[in-house]
Amino acid sequence: MLFRGAALWREKGEPARWVEDIDLRIEGGTVRRVPRTQTSADLEGWMLPGLVDAHCHIGIDKSGPRQDADLLAQQARVAHNSGVLLVRDCGLPFDNRAVNEQPDGVRLLHCGQHIAKYKRYIRGLAVEVERDADLPQQMAYQARRSDGWIKLVGDWIDRADGADSTLQPLFSTEALKDGVQAAHEAGARVTVHTFARATIESLLEARVDCIEHGTGMTLSQMREAAQLGIAVTPTIIQVDLFPSFASSAGTKYPVYRDDMLGLYSDYSQTLRDFAESGLTLLPGTDSGSFQPHGSIAKEIMAFTRMGLTNAQILDRVTWQARDFLGFPSLSDGEAAHAVVYDRDPREDLSVLASPHRVVYEG
């Protein structure tokens with residue numbers, strides 16, 4: 001297949017950049033730049049590297065985790081059709097990597113099972129650690145059964161405090177440091193769910209690799225994370241649900257309710273600080289129980305709230321995210337994972353909701 005148009009193309013050793021008039025030959029599963037010929041193009045438009053969803057739960061729907069082959073295939077197909085071709089699953093009780101084998105699927109990085117403290121997370125979703133001393137062993141175990149990433153729950157509401165219950169860190173700083181070291185020695189990186197302000201310092205000290213949500217981060221903590229090479233997946237459309245989470249707490253947990261509303265009231269500034277800090281920002285929908293699968297366009301359009309231009313956003317959600325996860329972009333001789341649009345996404349990000357053609361493995 002011959003593509004002709006504009007592409008976010010990467011020469012070896014260089015950052016990707018837009019090439020406005022390019023011919024690309026897709027053959028044998030790979031893509032190559034070729035000289036312009038008189039041959040008519042098979043496909044025209046604006047081409048991006050396959051989109052990334054770095055926080056996605058293929059295998060979870062509103063009823064919870066479901067080890068159902070048809071469900072897995074259907075959810076992967078929805079992601080694929082939205083233009084997402086690389087997924088980090090961010091935690092699941094079972095192995096969902098079969099979707100890698102389907103032609104209309106995705107390249108999925110399996111993170112093993114969430115790790116949380118005993119009775120301090122969603123029932124049936126996480127492997128629960130009773131003692132801090134057991135955390136490194138469990139993190140090493142999940143690392144060995146993953147695709148190079150594991151998912152830790154850093155904070156959650158502690159309902160044992162009754163009306164005073166609110167978000168609290170699950171593990172001590174020392175346990176986190178030992179656990180991250182164990183995961184790294186087992187060959188995996190660590191990403192951590194966190195909403196709370198109180199959790200961030202220990203995550204930075206432990207040198208985790210990625211932070212999910214990150215609503216409690218200050219600008220100085222963001223800058224430190226950027227210097228340490230720690231990425232953040234802001235999951236903006238999920239954080240937009242904080243008012244409803246607070247409402248569901250009602251009068252039973254008023255401190256938690258007020259803390260969640262406080263985090264949300266500061267969120268516009270938090271988003272601007274994310275962009276200003278120099279952090280690596282990953283696109284992630286948290287698709288599963290609260291967000292429908294295939295929500296990536298909505299999440300990417302929400303990045304505009306950080307004050308970024310469309311072109312800057314497209315860089316972050318395509319080749320820069322792929323770099324961080326260790327996967328190539330559109331480059332000579334690399335796998336042909338691409339999305340083509342019939343309008344320029346730099347002019348209007350809403351076009352991302354309507355891919356013209358998805359190219360997976362050529």
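A: Helices (H or I, at least four residues) and strands (E, at least two) are DSSP runs, numbered from the N terminus. The model is predicted, so local features need pLDDT of at least 70 and side-chain atom pairs 80 or more, while totals for chains, interfaces and linings use all residues. Residues are numbered from 1 along each chain as its sequence is written, and side-chain values use heavy atoms, without hydrogens and water.

Q: What follows α7?
A: Gly250 does, and its phi is positive, near 55°.

Q: Which residues of α7 are buried?
A: In α7 (residues 242-249), Phe242, Phe245, Ala246 and Ala249 are buried (under 20% relative accessible area with a 1.4 Å probe, protein chains only; exposed is over 50%). These residues lie on the same side of α7, because their arc around the axis is only 100° (taken from the directions from the helix axis to the C-beta atoms).

Q: And on the other side?
A: Ser247 and Ser248 are exposed there.

Q: Changing topic, how many aromatic pairs are there?
A: There are 6, counting rings of Phe, Tyr and Trp (its six-membered ring) with centres within 6.5 Å; planes under 30 degrees apart are stacked, over 60 edge-to-face, the rest tilted. Tyr121 and Trp156 have ring centres 4.6 Å apart and planes at 75°, so this pair is edge-to-face. Tyr121, in the loop between β10 (114-117) and β11 (126-129), is 35 residues from Trp156 in strand β13 (residues 155-157).

Q: Are those two buried or exposed?
A: Tyr121 and Trp156 are both buried.

Q: What does Phe242 pair with?
A: Phe242 forms an edge-to-face pair with Phe195, at 4.7 Å centre to centre and 70° between the planes. Ring pairs link Phe195, Phe242, Phe245 and Phe290 into a cluster.
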